[in-house]
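Hi,

Here is the structure I said I'd pass on. Have a look around first, then read my notes below.

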Amino acid sequence: MKKIILMLVAVAFCMSAAAQGVNFVEGKTLSEVEAQAKAEGKLVFVDCYTEWCGPCKMMASKEFVKKEAGDYFNAKFVNFKIDMEKGEGPEVGKKYDVNAYPTFLILESNGDLRGRLLGAAGIDDFIKKVEAALKEEKGLPWYQKKFRSGERDPQFLSEYIKLLGENYMRDEVKNVSKTILAGKTGAEIAADASLYKAFTTGEFLPDDDLFLNVYKERAAVVAHQGERAAKSLDSKWTRWGMRYMKFDGKEYKGFDPEGFEEYKKKMAEYGVPNVDAVEKEVLHSNAVYGKDCPTLYKYFLETIKEDPSKINDNDVIQDLGILRNGYKENKKAMKIVKKYIERRTAYLKSLPVPENERTFEYEGKRITLNGYFIEKYQEILNSINGK
């Protein structure tokens with residue numbers, strides 16, 4: 001009788017394990033997983049995720065645990081999960097140009113890409129997408145092989161770069177853009193609409209010679225592509241300036257003031273307009289990440305003097321949230337903050353609501369964007385007042 005009971009328990013355990021969904025291999029590297037896939041005659045399915053990615057968590061907790069998911073993926077693949085911010089994650093992300101999450105890679109056992117999917121979906125739809133990727137004759141891997149073998153037909157490059165953009169493959173988009181623009185001068189790129197489109201698609205930044213060559217022709221960009229295009233170029237200097245903040249993963253590690261001073265000289269050398277505004281935006285962001293309350297309070301005092309219609313409430317609410325927690329003992333500062341919140345919320349309430357104003361749900365009720373700002377300001381005020 002005892003043996004029968006043990007057998008029933010074992011069977012029940014096996015049946016339970018079989019119904020647990022996708023079996024993700026743990027404690028191995030990707031190369032070891034590829035070797036396992038080769039030995040088992042399977043492909044590799046890689047879930048590229050991050051801890052902060054909501055859709056990643058949804059797939060892990062709600063979809064991959066389903067029996068139909070396990071039935072499909074366990075039979076065809078050796079399944080592997082990689083946190084893209086830990087261990088070999090950054091290296092794998094660089095190799096396969098992963099920039100959005102979740103990204104799912106289907107690999108041959110030698111590491112070659114067989115298919116690629118982005119985003120979360122119900123498991124039935126997700127399996128259909130995987131099947132479509134496996135059957136697709138002219139999918140991303142086909143384009144990659146053609147490009148690497150030397151295909152440079154303009155129509156092909158246009159299709160390829162579009163496909164790369166849809167997959168958020170920034171490095172490869174940049175590589176293809178460089179191919180299209182090879183041998184072209186900054187002046188030629190600035191004057192030609194199709195070349196300039198390839199340039200903007202490549203997302204070049206001030207560390208790229210190509211960007212600097214085009215930026216030297218800023219006046220030509222204005223003349224041929226418009227003032228808006230030139231301002232978009234200007235914004236790249238701000239974006240690149242953020243690189244002088246140092247991080248270890250997501251952990252803020254300080255600022256490089258000497259490097260940023262050299263960067264300011266470079267901006268002046270290339271005639272970047274409003275260098276002071278770029279500096280302010282970079283230093284403001286640095287103060288946010290560093291929770292530098294005295295600096296944030298200084299920026300707050302400057303902000304409240306601005307035209308009320310031009311104030312960015314998102315930024316102000318972000319700053320006040322930090323000040324509320326780290327500067328609360330400064331009674332004089334908190335008094336000014338409270339008065340401003342009262343004045344700002346009164347101003348927002350006085351604004352007419354457009355007839356077709358969009359609403360969204362926040363804490364169980366439908367509100368407008370200004371209504372949301374009012375709620376957030378009130379939360380900060382209540383916190384300061386100890387409510």
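**What I found**

The second largest pocket holds about 390 Å³ of space. It is lined by 14 residues, and the closest to its centre are Lys280, His284, Thr303, Glu306 and Asp315. Before going on: this is a predicted model, where local features need pLDDT of at least 70, side-chain atom pairs count only at pLDDT 80 or more, and totals for chains, interfaces and linings use all residues. Residues are numbered from 1 along each chain as its sequence is written, and side-chain values use heavy atoms, with hydrogens and water left out.

A word on terms. On a 1 Å grid over the protein atoms alone, a pocket is an open set of points where a 1.4 Å probe fits, with protein on both sides within 12 Å along at least five of seven lines; lining residues have an atom within 4 Å of a point. A volume is the space filled by probe spheres set on the points, which are joined across faces, edges and corners.

Helices α16 (275–290), α17 (293–303) and α18 (313–326) each supply at least two lining residues, with the largest share, 4 residues, coming from α16. (Helices are DSSP runs of H or I, at least four residues, and strands are runs of E, at least two, numbered from the N terminus.) By class, this lining has 5 nonpolar, 3 polar and 6 charged residues. (Ala, Val, Leu, Ile, Met, Phe, Trp, Tyr, Cys and Pro count as nonpolar, Asp, Glu, Lys and Arg as charged, and the others, Gly among them, as polar.)

The largest pocket has a volume of about 1,100 Å³. Of its 28 lining residues, Asn99, Tyr101, Arg170, Arg239 and Arg243 are the closest to its centre. At least two lining residues come from each of α5 (89–96), α9 (170–181), α14 (227–241) and β6 (245–248), and α5 gives the most, with 4 residues. The lining of the largest pocket has 11 nonpolar, 5 polar and 12 charged residues.

Tyr101 turns up again in the backbone: a cis peptide bond joins Tyr101 and Pro102, with omega about -5°. Pro102 sits in the loop between α5 and β4 (103–107). Asn274, in the loop between α15 (257–269) and α16, has a positive phi near 55° although it isn't glycine. Why point these out? Because most residues other than glycine have a negative phi, and most peptide bonds are trans.

Now for helix packing. α19 (residues 331–350) and α20 (residues 369–384) pack at an angle of about 155°, with their axes 10 Å apart. That makes α19 roughly antiparallel to α20.

The axes of α13 (residues 218–225) and α14 come within 6 Å and cross at roughly 140°, so α13 and α14 are oblique to each other. Arg218, Val221, Val222 and Gln225 of α13 meet residues of α14 including Glu227 and Leu233.

Finally, α14 and α16 pack at about 35°, with axes 9 Å apart. Here Trp237, Thr238 and Gly241 of α14 touch Val278, Glu281 and Val282 of α16.

Cheers

Definitions and conventions
Axes are lines fitted to C-alpha atoms, for helices over the stretch in contact, and angles run from 0 to 180 degrees between N-to-C directions. Angles under 35 degrees count as roughly parallel, over 145 as roughly antiparallel, 65 to 115 as roughly perpendicular and the rest as oblique. Contact means heavy atoms within 4.5 Å.
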